[in-house]
Amino acid sequence: MAAAPTPVTIVAVHQNVDGTDVATFTADGAGLCPSGSVYLLAGMVTGGPSEQKNFLVIQAFVCDEVGDFTTDDVFVVRIEAHTTIGAPSDWGTWQVIDGSGAFARLQGTGTLVGIYDGQGGITDHLYGQLK
């Protein structure tokens, strides 16, 4: 019998520090580690000269060493998000596409809302289900 999906909320804070994305996350639910770092593995922006922009991003979420979690516990998420130039936020979906350590068999999907901070950073709120 497959495990039942469990609700999860992940908040990833991306800050622009001297032109470099520095990101951390906190997580609540689904047996995830409570905190860690986020690393951009790949990213692409499409949309041309129009007001609409589309983002495809692959990010690795690496756990802090806390409790039974180590930095070997990693889950990789694919994000597809959309925004309009000048809007204060973006929206989209996410899906776990890979994992290692405690998350080697992790699966899940959800929605996201990203809130821009006006200084080149963004706080992504990921809501969904994991199993």
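Mentor: Let us start with the cysteines: C33 and C63 form a disulfide, with their sulfur atoms 2.1 Å apart, and please keep in mind throughout that this is a predicted model.

Trainee: How many disulfides does a search of the whole structure find?

Mentor: The search finds one disulfide. Its handedness is read from the torsion about the S-S bond, which for C33 and C63 is about -80 degrees, so the disulfide is left-handed. As for its place in the fold, C33 lies in the loop between strand 2 (20–28) and strand 3 (35–46), whereas C63 lies in strand 4 (residues 52–63), so the pair ties together parts that are 30 residues apart in sequence.

Trainee: Are C33 and C63 buried or exposed?

Mentor: C33 is buried, and C63 is buried as well.

Trainee: Turning to the rings, how many aromatic pairs does a search of the whole structure find?

Mentor: There are five aromatic pairs, and one of them is formed by F25 and F61, an edge-to-face arrangement with 5.3 Å from centre to centre and 70 degrees between the planes. An angle over 60 degrees counts as edge-to-face, while one under 30 degrees counts as stacked. F25 lies in strand 2 and F61 in strand 4, so this pair ties together parts that are 36 residues apart in sequence. F25 is buried, and so is F61.

Trainee: Which aromatic pair do F61 and F75 form, stacked or edge-to-face?

Mentor: F61 and F75 are stacked, at 4.9 Å centre to centre and with 5 degrees between the planes. This pair, too, links distant parts of the chain, since F61 is in strand 4 and F75 in strand 5 (residues 74–84), 14 residues apart. Both F61 and F75 are buried. Looking beyond the pairs, one aromatic cluster is formed by F25, F61, F69, F75 and F103.

Trainee: Which residues does I10 contact, leaving aside its neighbours within four places in sequence?

Mentor: I10, which lies in strand 1, is in contact with F25, T26, A27, L32, F61, F75, D124, H125 and L126. Buried means a relative accessible area under 20%, and I10 is buried because its value is 1%. As for L32, which is 22 residues from I10 along the chain, the C-alpha atoms of the two residues are separated by 9.3 Å.

Trainee: What joins the side chains of H14 and D21?

Mentor: The side chains of H14 and D21 are joined by a polar contact of 3.1 Å. H14 is placed in strand 1 (residues 6–17), and at 6% relative accessibility H14 counts as buried. Residues up to four places away in sequence not being counted, H14 touches D21, V22, A23, V38, Q59, G121, I122 and D124.

Trainee: Finally, how should I read a backbone angle, and what is the phi of A30?

Mentor: The general idea is that most residues other than glycine have a negative phi. A30 is not a glycine, yet A30 has a positive phi of about 60 degrees. A30 lies in the loop between strand 2 and strand 3, and with a relative accessible area of 26% A30 is partly exposed.

Terms used
Residues numbered from 1 in each chain as written. Predicted model: local features only at pLDDT ≥ 70, side-chain atom pairs only at ≥ 80, totals over all residues. Heavy atoms only, no water. Disulfide = S-S within 2.5 Å. Helix = DSSP H or I, 4+ residues; strand = E, 2+ residues; numbered from the N terminus. Buried < 20%, exposed > 50% of the residue type's maximum accessible area, 1.4 Å probe, protein only. Phe/Tyr/Trp six-rings, centres within 6.5 Å; stacked < 30°, edge-to-face > 60°. Polar contact = N/O pair within 3.5 Å; in protein donor to acceptor, adjacent residues only side chain to side chain. Contact = heavy atoms within 4.5 Å.
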